[in-house]
Amino acid sequence: MVSIWEYLRGDKSYTFDDPGAQHKVTLTKSAPQHAITGSAATTGYLYVNLHWTMRSGAARPSTRDTVKRFFSPRILSPLEPDSPGGNEQVNVDLDLACMYELSDGTRGVVQPLGELFGDLREPPYIKLSGDDQYGAPSGETMYVNLEKKDKFKRLLIFVYIYDGTPAFEQTHAVITIVPQTGPRIEIKLDERARAARSCAVVLIENGGDNQLTVRREVKYVNGFQADIDRLYGFGMQWQRGYKGQRPGGGD
């Protein structure tokens with residue numbers, strides 16, 4: 001097992017096809033929930049990985065530099081979707097993100113937009129490894145410091161399309177959650193949602209007594225972060241911003 005600090009320093013890479021992780025639980029509509037219990041819920045780190053590839057015939061995102069307008073608590077989220085047309089190839093850039101509510105009432109988001117990558121040693125005790133724009137094999141990975149489990153109330157893992165056509169159906173996207181011990185948990189984003197720009201994928205709640213409850217959501221939203229926020233009642237304020245820049249302050 002690669003240590004979190006080795007991974008973040010770039011000394012080693014973490015693979016989600018680790019031979020030691022031979023068992024997995026796939027959350028579905030009929031079996032949407034799984035409990036992480038015992039020491040696996042309170043020690044080490046929880047790895048959350050987004051991996052996606054374009055379906056056959058779909059184009060990868062362009063490498064050109066673009067600046068898109070987005071919204072951000074004082075956190076960031078994108079604007080109006082483009083309209084996919086016919087059978088033309090599309091560009092899709094998926095981003096992994098997490099809205100959190102801590103036990104003291106603090107709420108916020110960890111996401112590439114606004115470079116809100118989080119922190120493992122300080123609140124919110126969640127860190128995003130980076131921003132994969134092209135569906136690389138390693139995908140995007142988020143880490144949750146379970147040594148601070150008592151600080152968490154709920155974590156909502158979601159995915160949004162930052163750049164390109166709203167076309168979740170053009171991607172093979174999978175969220176994989178890997179605890180320190182026990183089976184990894186897999187949630188597939190395999191439903192048709194042509195107009196959706198974002199998807200609330202999984203809700204992780206502190207069940208107390210050395211337990212984390214992981215529940216599949218997979219709720220597609222035609223809007224962005226503010227719309228997911230309203231759906232789950234985080235109550236944050238959102239404003240426009242730009243990817244690659246930190247959101248401005250002020251009320």
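Tutor: Gladly! A residue is called buried under 20% relative accessible area, exposed over 50% and partly exposed in between (1.4 Å probe, protein chains only). Please keep in mind that this is a predicted model, where local features need pLDDT of at least 70 and side-chain atom pairs count only at pLDDT 80 or more, while totals for chains, interfaces and linings use all residues. Residues are numbered from 1 along each chain as its sequence is written, and side-chain values use heavy atoms, with hydrogens and water left out.

Let us begin with Glu 217. Its side chain forms a salt bridge with Arg 215, with 2.8 Å between the closest N and O atoms; the term asks for a side-chain nitrogen of Lys or Arg within 4 Å of a carboxyl oxygen of Asp or Glu. Glu 217 also meets Lys 219 in a salt bridge, at 3.6 Å from N to O. With a relative accessible area of 10%, Glu 217 is buried. Its two partners are partly exposed: Arg 215 has a relative accessible area of 27%, and Lys 219 comes to 37%.

The whole structure holds 8 salt bridges. One of them links the side chains of Glu 101 and Arg 154, at 2.8 Å from N to O. Glu 101 sits in strand 5 (residues 92-102) and Arg 154 in strand 10, so this pair ties together parts that are 53 residues apart in sequence. Strands here are DSSP runs of E with at least two residues, numbered from the N terminus. Both Glu 101 and Arg 154 are buried.

Arg 154 has a ring beside it as well: Arg 154 lies over the face of Phe 234, 3.9 Å from the ring centre. The criterion is NZ of Lys or CZ of Arg within 6 Å of the ring centre and within 35 degrees of the ring normal.

To pair, ring centres must lie within 6.5 Å; planes over 60 degrees apart count as edge-to-face, under 30 as stacked and the rest as tilted. Tyr 47 is buried at 3% relative accessibility, and Tyr 143 is buried at 0%. Phe 168 and Tyr 220 are edge-to-face too, at 5.3 Å and 70 degrees. Phe 168 belongs to the loop between strand 10 (152-164) and strand 11 (171-178), whereas Tyr 220 belongs to strand 14 (residues 211-221), so the pair ties together parts 52 residues apart in sequence. Phe 168 is buried, at a relative accessible area of 0%.

One last stop is Val 48, in strand 3 (residues 45-54). Val 48 is buried, with 0% relative accessible area. Leaving aside neighbours within four places in sequence, its contacts include Leu 96, Met 142, Ile 157 and Ile 175, where contact means heavy atoms within 4.5 Å.

How values were computed. Rings of Phe, Tyr and Trp (its six-membered ring) pair if their centres lie within 6.5 Å; planes under 30 degrees apart count as stacked, over 60 as edge-to-face and the rest as tilted. Helices (H or I, at least four residues) and strands (E, at least two) are DSSP runs, numbered from the N terminus.
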